[in-house]
Amino acid sequence: MTFKSLGLSEPFLKAVAEKGYTTPSPIQQKAIPHILEGKDVLASAQTGTGKTAGFTLPVLQYLTNTKHPKYRPLRALVLTPTRELAAQVYENIREYSKYVNIKSTVVFGGVKAAAQIKTLKQGVDILVATPGRLLDLHDQKAVSFKRIDVLILDEADRMLDMGFVRDINKIISYMPTKRQNLLFSATFSKDIKKLANGILNNPVAVETAPQNSTAKKVTHKVYKVDKKRKTEFTIQLIKDNHWSQVLVFTRTKHGANKLTEKLIKANISAAAIHGNKSQGARTKALKNFKDNTIKILVATDIAARGLDIPLLPHVINYELPNIPEDYVHRIGRTGRAGAAGEAISLVCSEETEYQKEIEKVLNEKLKTSIIEGFEPQDTAPPKRAASQSKGSFGKKKKASNSNSSQGNKPKRKPHFKGKKPTNTSGLGRTGAPKKKRY
Ligand code: AMP
């Protein structure tokens, strides 16, 4: 299959060839012909699948081939959840529209609006935007949606997670009802289906991977690690393996900052990227990470959403996300474009439940091991439960209450088998086991 056989014309074939793409990716093969036909599309695709070119190329071709008034009203709008994703989509649009007469721009919050307003006033064919800033600009009459022909919602699931549903509906309410709609999402919750039903018109469903599955070439590894020693373990992992480009996920902004500081102290170049960082700092961190000026990028889920980092070999989940679908998104950053990737998760005792939830979503057990010297120290609840019942954490708690620490020595859980037992007494709060000193 070639890009030409999908129906793309010469200027786009040339732009794609310059990017070095020889074969269209599965999402591109499936989506491009439908989009060129003007159909609404509901696409299940995560970052790393080539989805951006999948919608950008056919939309640009449509815009190029249709007449428009001289003042260039806005005819296509791409909505994205984050500034980074908006910037990346825009970058793609610029590259793919290199050989055609199309004007494009991007608007997002966190930067001054004046320059954005000026560019919009000059007329653009296609705009990439985050919802909040776009509505502000619309309120200021800097942009009109009256001539929109194509609406694209990119990473729609994340837009819902971030609470943009009202903004999206408001933006749509200013558009003509007759238009083409494309909705891309990595996961399909009830809310996404509801949004899709309200927007899409008789859509063609395009799927590249089974729902909620991660890229095939990703190896998942879970290391059971003591909560207090995760930083030390991360440093060791990076140093011992001589890793030079790793994306690390933390659950909180504060956690991202703290870890970054410690990595730098350990002589590992790193930067944090999260919602409290200025746009300038985020862009700089991403650029430095991409050109290898820094080795480690520590990110929170929202900030990392949609980051375009090709061929990322390693992703570390310093903490597991509490929303299992976020694991799928995180892993989307590795093993892309056919290359193998490794997703490593550091899981302390209290995150065991999150792991189970993730395994349910993936429909796959994650390979779990314990590294000697880093064993979780707070294993009392699961151990007690092992001797009592195989139930959930809730049950385990009950079991531990009824089984007062009277020297009743429970058996170790099988997954600790063969590893150096660090807390064999099984004693709880009252009889604290001797802890190793590190
Ligand atoms: P995306 O899923 O749109 O973020 O794209 C992921 C990465 O794949 C980007 O770095 C693209 O430049 C790259 N890419 C997109 N389409 C292709 C293709 N057909 N062949 C090789 N790489 C591609």
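Predicted model: local features only at pLDDT ≥ 70, side-chain atom pairs only at ≥ 80, totals over all residues.

What follows is a walk through the ligand site and then the rest of the chain.

A: Let's start with who is sitting around the ligand. There are 15 residues around it, and the ones that come nearest are Tyr21, Gln28, Gly48, Gly50 and Thr52. By type, that shell splits into four nonpolar, eight polar and three charged residues.

Now for the polar atoms. Tyr21 puts a polar side-chain atom 2.4 Å from an oxygen atom of the ligand. With Thr23 it's the backbone: one of its polar backbone atoms is 2.8 Å from a nitrogen atom of the ligand. Lys51 also uses a polar backbone atom, which lies 3.4 Å from a ligand oxygen. On its own the ligand has 490 Å² of accessible area, and the protein covers 83% of that.

The largest one has 39 residues, and Leu57, Val59, Ile126 and Leu182 have the most contacts inside it. Take Leu57: leaving out neighbours within four places in sequence, it touches Phe3, Leu8, Phe12, Val16, Ile32 and Tyr96. Apart from this core there's another, with 35 residues, including Leu120, Leu127, Ala142 and Phe188.

As for the whole chain, it has 438 residues, 54% of them buried, and its secondary structure comes to 17 helices and 14 strands. Of the contacts between residues at least 6 apart in sequence, 74% join residues at least 24 apart. The chain exposes about 20700 Å², with carbon and sulfur atoms supplying 51% of that area.

Note on methods:
Residues numbered from 1 in each chain as written. Heavy atoms only, no water. Near = heavy atom within 4 Å. Polar contact = N/O pair within 3.5 Å; in protein donor to acceptor, adjacent residues only side chain to side chain. Areas by Shrake-Rupley, 256 points an atom, 1.4 Å probe, with all protein chains shown as cover. Nonpolar A, V, L, I, M, F, W, Y, C, P; charged D, E, K, R; others polar. Core = buried A, V, L, I, M, F, W, Y, C linked by side-chain atoms within 4.5 Å. Buried < 20%, exposed > 50% of the residue type's maximum accessible area, 1.4 Å probe, protein only. Contact = heavy atoms within 4.5 Å. Helix = DSSP H or I, 4+ residues; strand = E, 2+ residues; numbered from the N terminus.
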